[in-house]
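Work through each task before reading its solution.

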Amino acid sequence: MTVTRTFSIIKPDATRRNLTGAIVKMFEDNGLRVVASKRIHMTRAQAEGFYGVHKDRPFFGELVEFMISEPVVVQVLEGEDAMNRNREIMGATNPADAAEGTIRKAHALSIGENTVHGSDSDENAAIEIDFFFNKDEIVG
Ligand code: CMP
């Protein structure tokens with residue numbers, strides 16, 4: 001298996017509850033390494049651009065308002081098959097469906113306030129990393 005990178009967001013419901021460290025510990029305990037990290041307050045333009053693929057979904061407005069409501073932590077995670085590994089650690093999008101031991105099972109409040117975002121393919125991981133990070137901000 002190859003070492004790859006994926007993109008993660010610790011969402012406003014988590015930063016609000018001071019869960020950043022607890023979530024990073026779950027990544028680290030499960031084989032992922034943080035190779036870039038910054039806490040930002042996303043602008044509306046960033047949120048609309050980042051989630052542009054969902055712009056026709058009924059929840060788009062709610063999603064954007066939530067993501068700009070409070071700070072988030074954007075990160076690049078590295079490890080063996082990082083994208084799939086991260087998705088296992090996060091658990092299902094809807095916390096009602098998330099497996100025991102996952103971040104969303106432990107912490108998510110609802111399908112919208114679901115604590116973390118993770119890329120859903122290696123191709124999207126590269127695009128999402130580029131969206132938020134310059135090359136010199138990623139130090140493996
Ligand atoms: P995320 O991985 O950040 O990608 C898109 C987000 O849209 C998803 O996590 C959810 O938080 C959110 N989302 C998906 N479905 C719904 C829904 N039915 N209502 C509100 N938010 C949703």
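**Exercise 1.** In this predicted model, find an oxygen atom of the ligand and state how far it is from an N or O atom in the side chain of Asn 114.

Solution. Start from the side chain of Asn 114: one of its N or O atoms is 3.2 Å from an oxygen atom of the ligand. A polar contact needs such a pair within 3.5 Å, so this pair counts. Next, take the protein as a whole: it covers 79% of the 460 Å² of accessible area that the ligand has on its own.

**Exercise 2.** Give the distance from a backbone N or O atom to an oxygen atom of the ligand for Ile 111 and for Gly 112.

Solution. For Ile 111 the distance is 2.9 Å. For Gly 112 it is 3.4 Å. Both atoms belong to the backbone.

**Exercise 3.** Describe by class the residues of the shell around the ligand.

Solution. First list the residues: among those surrounding the ligand are Lys 11, Tyr 51, Phe 59, Glu 62 and Arg 104. Then sort the shell, which gives four nonpolar, four polar and three charged residues.

**Exercise 4.** Which pocket does the ligand take up, and what lines that pocket?

Solution. The ligand takes up the space of the largest pocket. Its volume is about 740 Å³. The lining of this pocket has 31 residues, and Lys 11, Tyr 51, His 54, Leu 63 and His 117 lie nearest the centre. By class, the lining holds eleven nonpolar, twelve polar and eight charged residues. Finally, look at the elements: helix 7 gives the most to the lining, with four residues, and strand 4 (116-118) is one of the elements that supply at least two.

Key. Residues are numbered from 1 along each chain as its sequence is written. This is a predicted model: local features need pLDDT of at least 70, side-chain atom pairs count only at pLDDT 80 or more; totals for chains, interfaces and linings use all residues. Side-chain values use heavy atoms; hydrogens and water are left out. A residue is near a molecule or strand if one of its heavy atoms lies within 4 Å of it. A polar contact is a pair of N or O atoms within 3.5 Å; within protein, one must be able to donate a hydrogen and the other to accept it, and residues adjacent in sequence count only if both atoms are side-chain atoms. Accessible areas come from the Shrake-Rupley method with a 1.4 Å probe; for residues, only the protein chains shown count as cover. On a 1 Å grid over the protein atoms alone, a cavity is a set of points where a 1.4 Å probe fits but cannot get out, and a pocket is an open set with protein on both sides within 12 Å along at least five of seven lines; lining residues have an atom within 4 Å of a point. A molecule sits in a cavity or pocket if more than half of its atoms lie within 2 Å of its grid points. Ala, Val, Leu, Ile, Met, Phe, Trp, Tyr, Cys and Pro count as nonpolar, Asp, Glu, Lys and Arg as charged, and the others, Gly among them, as polar. Grid points are joined across faces, edges and corners, and a volume is the space filled by probe spheres set on the points.
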